[in-house]
Every structure is written in structure tokens, then in C-alpha cells.
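I'd like to walk you through a structure, one piece at a time. Let me put it on the screen.

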Amino acid sequence: MNTTMLETCIVLLLTWLVWTYGWRRFALDRHRQELFSIRDRLFDLALENYRGFSFDHPAYQAMRTSINGRLRFAHRFNSLHLVFALLSSFFHPNLRGQKCDLELKVEAVLDPYLRHQLEKFRIETIFSLLKYVAWTSPFLMITGVPFGCMLGGWLYTRLRSVATQATQRHDSWLLVVDAQADLEVAAVPA
Amino acid sequence: MSRKKGTAELEHSTQKFIALTDLIARLGHTAMRCATPCIIAYFFYKSVEAMSGKTTVANLVMDWASSIKLNQWAAWVLATVAGAWGVGERRLRRRKTAELSERLKRFETVFDRRRSSSTLNPSGQPQLEDRL
């Protein structure tokens, strides 16, 4: 009986060790990797210098600062932060209905394609954070798996259609640019 | 003037509120994280206390080792090997990340001289002052 009790204690301790030092760290590293990937894509977008969107653009600066902050303090974030953030966004008088600096700067971007890309990056960082919280909270993992599967399926289809539309728009834009370049070449006297 | 002061005060109170919720969330998380091994240690102590004077550590280990079957041994060995493999993979990944991040930083600085950083160390881990 007592041997069983001891064995149970050892197994529980090992489970705790694997959870804290194995699984949680893995989930954190994965979350950071996703953020790094988004930051790299943002960098590539600025490198293209599409319609004046350069490294000095306010939206680029705000997005990069936001991602850097998330990368830096990702290990501190937990499910309680999420609960507090949700509650304060609904009930705190100063935070209710308020838009953050990044959101305002993205909305101020005039070009629709660019605005759409930046909005996509912003949403991806939020989803990555939500996924991290869901993977590292035992309570959310147990209660949220069935609900999360359904929601995940719906979001996946939705995001996929958004991404397809964005790609098509980008492709058509490239076609227009190519056609313009061809016309310019044709206009040059031999 | 008064309007500006009002906005500043509003921002200050919001920042104080956010700092407070952050503190509560972190304290709650730390409490849960520390309470779990303490509870396990307490039950471990109680089960050892119940056996004091009745059996020895050597007997206990022998009893446990002889009671588990071959498939259970296999499970323990497999779990240990998988754990060691996971730790090895993580070390390898961090070493590779440290190598690649330096190259990426050099490449990005060529195009963006004012490139901002997340202040993580080259292997992708937070600095000591941010860990607390």
C-alpha cells in the first residue's frame, strides 16, 4: 500500500518536472519561433519597399516593437494574464473599447494590400499567444480541447480563405506591375 | 492644460492597473508552481513516516524492483531514453539557433541600420534581469 503511495508520489513528481521543464519550455520556444517567423516576414515586406513601406514606416516600427516585446516577455505570460486582459477589456473604464498604438498605426496605412498584410501579421501574433496559453494551461487543455478543436477547424478554414485571397490579390498586382514594365520597355525608342 | 493633465493621469492610472494585474497573475502562477511539488513532497513524507520502524529503504527498493513486471521496466526505460533524447534535441536546437541568429542579425543590420532587437540572448533565451 505504502509502496504504491510512494510510487504514485514519484510519478506525480516526474510528471510535474516534465510539465514544467519539458512541455512548458517547448511550448514557449515554439511560440517564440512563430513570433520570429512573423518578424522575418515583416522584415521581408519592408525590404521590398512596396509603396513606401520601409524600415522607417511608423507601422513597421510599431509592429516590430510589439513583436520584440512579446518575444522578450513571452515567458512571463500565463492564463491568468489572459483572464485579466479579457476582463479589463470589457469592464475597465480606461481600457474598454480602446485600440492600442499598433492597431491605430495599422489602420492608418492607406494601401489596402499593405494594410491587409500588416493586419494578418497582427492577428497571427495574437493567435500564437492564445495557442501558447492554451498549451501551457492544464485547466484550458482539459476543458478546452473539444471546444478548441471545433474552433481551430473553423479558424483554419477562415484564415486559409483569407490567405488565398491575399495571395490572389498579390499575384494580380504583380501581373499589373509586369504589364506596366512591358509597356514602358515598348515605349522606349530603339 | 487641464485636459493634458487629465489624459496623463488617466494613462498613469491605467499603467498602474496593468502593473497590478501583472503582479497578481505572476504571483498566482508562482504560487501554483511552487505549491505542486510541496504537496507532492508532503504526501511523500507522510507515506515514508507511516513506514518508519517497519521497513528499511533497502527492503522498499527491493520490494518495488521485484514487484514491477517486464513491460513496466520497458516503459520506464523507454521514458528515460525519450527524456534524454528530448534534452539532447533541445541543446542541439539552441546551439544551432545561437549560430544562425548571429548571421541573421548581421544580414538584417546591412539593410536596416536602426534594427531593434528583442534583447533575447543568441540562443533565444531571455536575459537574466528579464527572467525574474
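Let's begin with chain A: of its 190 residues, 30% count as buried. Please keep in mind that this is a predicted model.

What is chain A built from? It has six helices and zero strands. Going along from the N terminus, you read α-α-α-α-α-α. The radius of gyration of chain A is 23 Å, while the globule rule gives 16 Å for 190 residues, so chain A is more spread out than a compact globule.

Now, which parts of the chain touch each other? Take the contacts in chain A with a separation of 6 or more: 73% of them are between residues 24 or more positions apart.

That brings us to the inside. The largest nonpolar core has 23 residues, and those touching the most other members are A:Leu42, A:Phe53, A:Tyr60, A:Met63, A:Ile67, A:Leu118 and A:Phe121. Which elements give two or more residues to this core? They are α1 (2-48), α2 (58-73), α4 (101-107) and α5 (112-136) of chain A.

Leaving out residues up to four places away in sequence, A:Phe121 touches A:Ile38, A:Arg41, A:Leu42, A:Leu45 and A:Met63.

Next, a detail of the backbone. Most residues other than glycine have a negative phi. With that in mind, look at the loop between α1 and α2 of chain A, where you will find A:Asn49. The phi of A:Asn49 is positive, near 55°, and this residue is not a glycine. Is A:Asn49 buried, partly exposed or exposed? With a relative accessible area of 44%, A:Asn49 is partly exposed.

A:Arg51 is in the loop between α1 and α2 too. Its phi is also positive, at about 50°, although A:Arg51 is not a glycine. The relative accessibility of A:Arg51 is 58%, and exposed means over 50%, so A:Arg51 counts as exposed.

As for charges, chain A carries 21 positive and 17 negative side chains, with the centres of the two sets 10 Å apart.

Now over to chain B. How many helices does chain B have? It has four helices, and zero strands. Read along the sequence, the pattern is α-α-α-α. For chain B the radius of gyration is 26 Å, well over the 14 Å that the globule rule gives for 132 residues, so chain B is more spread out than a compact globule. Its C-alpha atoms fill a box of roughly 80 × 45 × 20 Å along the principal axes.

How much of chain B is buried? Of its 132 residues, 15% count as buried. The accessible surface of chain B is about 10500 Å², with 66% belonging to carbon and sulfur atoms. Chain B has 22 positive and 12 negative charges, and their mean positions are 2 Å apart.

Key: Residues are numbered from 1 along each chain as its sequence is written. Chains are lettered from A and ligands numbered from 1 in the order in which they are written. This is a predicted model: local features need pLDDT of at least 70, side-chain atom pairs count only at pLDDT 80 or more; totals for chains, interfaces and linings use all residues. Side-chain values use heavy atoms; hydrogens and water are left out. The radius of gyration is taken over C-alpha atoms; the globule rule is 2.2 Å times the number of residues to the power 0.38. Buried means under 20% relative accessible area, exposed over 50%, partly exposed in between (1.4 Å probe, protein chains only). Accessible areas come from the Shrake-Rupley method with a 1.4 Å probe; for residues, only the protein chains shown count as cover. Lys and Arg count as positive and Asp and Glu as negative; His and the chain ends are not counted. The place of a charge is taken as NZ of Lys, CZ of Arg, CG of Asp or CD of Glu. Contact means heavy atoms within 4.5 Å. A nonpolar core is a set of buried Ala, Val, Leu, Ile, Met, Phe, Trp, Tyr and Cys residues joined through side-chain atoms within 4.5 Å.
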